[in-house]
Amino acid sequence: MTARTTNQKAWWLVAPVVVLVAFNALVPMMTVVNYSFQETFGDNVFFWEGFKWYEELLRSERFHDALVRQLAFTATILAIEVPLGVAIALAMPRRGPWVSVCLVLMALPLLIPWNVVGAMWNIFALPDIGLLGRLINGLGVDYNFTQDPTSAWVTTVVMDVWHWTSLVVLLAYAGLCSIPDAYYQAAKIDGASAWSVFRHIQLPKMKRVLTIAILLRFMDSFMIYTEPFVLTGGGPGNTTTFLSIDLVKVALGQFDLGPAAAMSLVYFMIVLLLSWVFYTVMMRNEGT
Amino acid sequence: MARITLETLRHSYVEKPGSDVDWALASLDLEWTDGGAYALLGPSGCGKTTLLNIISGLLRPTEGRVLFDGTDVTDKDPVDRHVAQVFQFPVVYDTMSVFDNLAFPLRNRGVAEPAVRERVTEVARMLELDGLLARRASGLSADGKQKISLGRGLVRSDVNVVMFDEPLTVIDPHLKWVLRSKLKEVHQRFGNTMIYVTHDQTEALTFADQVVVMLGGRVVQIGTPVDLFEAPRHTFVGHFIGSPGMNILPCAVDAGKVVFDGETVALDSPPRAVPAGTLELGVRPEFVRFAPDGIAVEVVKVDDLGRHQVVEVRRGAHAIKLIAAEGEAIPSERPRIAFDPRRARVYADGWMVEGGASR
């Protein structure tokens, strides 16, 4: 055998990444895993509980309700934001001075902090002093998001649509802009209708960015916390208590760290699983 | 099928064109005969694509008219002009099968399905796509996709003209030959008028019966490949076509004699009067040879290309290229060259002086 000098110093080069990942993902995650199997009453005293919290959680009606609410909310905003975003992107000018105006207008809602969005809509929609609330009630519709579940739901959905449709618009617009002129010219010569152009050129070319848009919007809306917290605090009753809000109630409100940790992990697994399903479904025809 | 006439066509992409540079097409009068195979040749930015898009109706000319068989179609949409256009980059509808791609223009026009099937099968066989009809178009290679683009133009039986905008740019070199001969075959089979835009002279000369050479938004010469080779009307044509291009040398005309660098150059029929403008002598390397009684030069470089040799010689500050036969001895002692008196021409401000040279 030839003598080979072994030099392990290269490990130092990956060390910063290892440390970073350990501290921002691995350690907190494992702490949560640790909590989820134990009971604590403070003072760093822990009792082993096994799978008790998981079993309780999976049987808990409160968790089921929050999950259903969450799924309903996410499905609703996806069903609105994606088609609406694509429609707006299609309507935006492709060249000329109005392009930047439109882009800035679209980007504005994205730049507003979540809690500000919640506060804005809270005041905007108040039935007694808010512009929107007064207007709707003035039109004869009984609207009060602090007391009526339907009003609260509609307000939450509209707020999210207002805040996040822009993201879909910008991504879809980027996809549209990447289509070479030759495609439109060929379609014109082939006698394609506007619908055919959308169906066979624009939609397939937007597919990748739309996949990203849907994934982002799915994950983000599934973890929504700040806006409904500021707007309704999860109410009236529990009608807008989505998973995150419920989780915070359990963890910080009731200080049940064990059940909260189990819930966090299940929550995380659901997000992961659904993201994977979305991605697989949308990418299944790529590259064949 | 149609005869296409372009009447005093001008086009500018600028809102209010002022000076000459604003015009992408300066002024064009052209007639394309029915069933001809034309090449539109010129450097990038000379207006080739603009002209093509005006003929197909994707662009509306700023001035002038486009006539198909004498009918004014200037205001008509591409669909109503019944044209086909193949673009530089292959355009296929990714989500459709090859069959559906080819059927798309027919279905859009409401052709009955049995007729669609028949036409698509025929065109696919012609383009050797018949084994791939069930495949998704997005999975094909670049040349396969370009064949689909071409096929979508050919399936319609009412096509007036098929236009190609540098269609072989993204095709692998060894497939270019295959596709080019396919185009020739298609032309012979269907007899469509075809216009082929390119900046590659080999493509233009092998494809076309007539070559239209453009420069700066103008047509400088229309002719057969032989015309362009033997009698370039403009020094640009001489330089652009041929490999190596034409030698262009400063000259003077004095009392019916053409003088280059102090030496009289014999021409069969030199210009009678002294033409105005900057005078140049143009002669292709093919028509320069070594001759004992010619102009004294020195040899700078010899490139042996196998079938012939390209020799670069120098006379003062002027480089001259000539082509010598394979195995021909290059004189090393006091070489002298002579220009073929039938093929050397005088150019004034770039344009050939008429009546100066005989054909």
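# Notebook: strands of chain B, fold of chain A

I count a residue as buried if 20 or more other C-beta atoms, placed from the backbone, lie within 10 Å of its own C-beta. Strands (E, at least two residues) and helices (H or I, at least four) are DSSP runs numbered from the N terminus.

I note that this is a predicted model, in which local features need pLDDT of at least 70, side-chain atom pairs count only at pLDDT 80 or more, and totals for chains, interfaces and linings use all residues. Residues are numbered from 1 along each chain as its sequence is written, while chains are lettered from A and ligands numbered from 1 in the order in which they are written.

I then checked the partner of β17(B): it pairs with β18(B), residues 308–315, in the antiparallel sense over six bridges. Pairing requires at least two DSSP bridges between two strands. Val299(B) faces Val313(B) across this pair. The two strands form a hairpin with three residues between them, and Gly306(B) in the turn has a positive phi of about 95 degrees.

**The three-stranded sheet.** I found an open antiparallel sheet in chain B with the order β12-β13-β14. β12 (252–254) and β14 (263–265) are its edges; each has a single partner strand, so one side of each lacks a neighbour in the sheet. Neighbouring strands are turned by 45 degrees against each other on average, direction ignored; the axes are lines fitted to C-alpha atoms, and angles run from 0 to 180 degrees between N-to-C directions. β12(B) pairs with β13(B), residues 257–260, over three bridges, and Ala252(B) stands opposite Val259(B).

**Chain A.** I read twelve helices and two strands here. The radius of gyration, taken over C-alpha atoms, is 24 Å, whereas a compact globule of 288 residues would have one near 19 Å. That expectation is 2.2 Å times the number of residues to the power 0.38. The C-alpha trace spans about 80 × 70 × 30 Å along its principal axes. Buried residues make up 30% of the chain.

**The interface.** Last, I looked at where the chains meet: 15 residues of chain A are in contact with 21 of chain B, contact being C-beta atoms, placed from the backbone, within 7 Å. The largest share of the chain A side, six residues, comes from α8(A). This side divides into eight nonpolar, five polar and two charged residues; Ala, Val, Leu, Ile, Met, Phe, Trp, Tyr, Cys and Pro count as nonpolar, Asp, Glu, Lys and Arg as charged, and the others, Gly among them, as polar.

Terms used: A residue is buried if 20 or more other C-beta atoms lie within 10 Å of its own, exposed if 12 or fewer, and partly exposed in between; C-beta atoms are placed from the backbone. Two residues are in contact if their C-beta atoms, placed from the backbone, lie within 7 Å.
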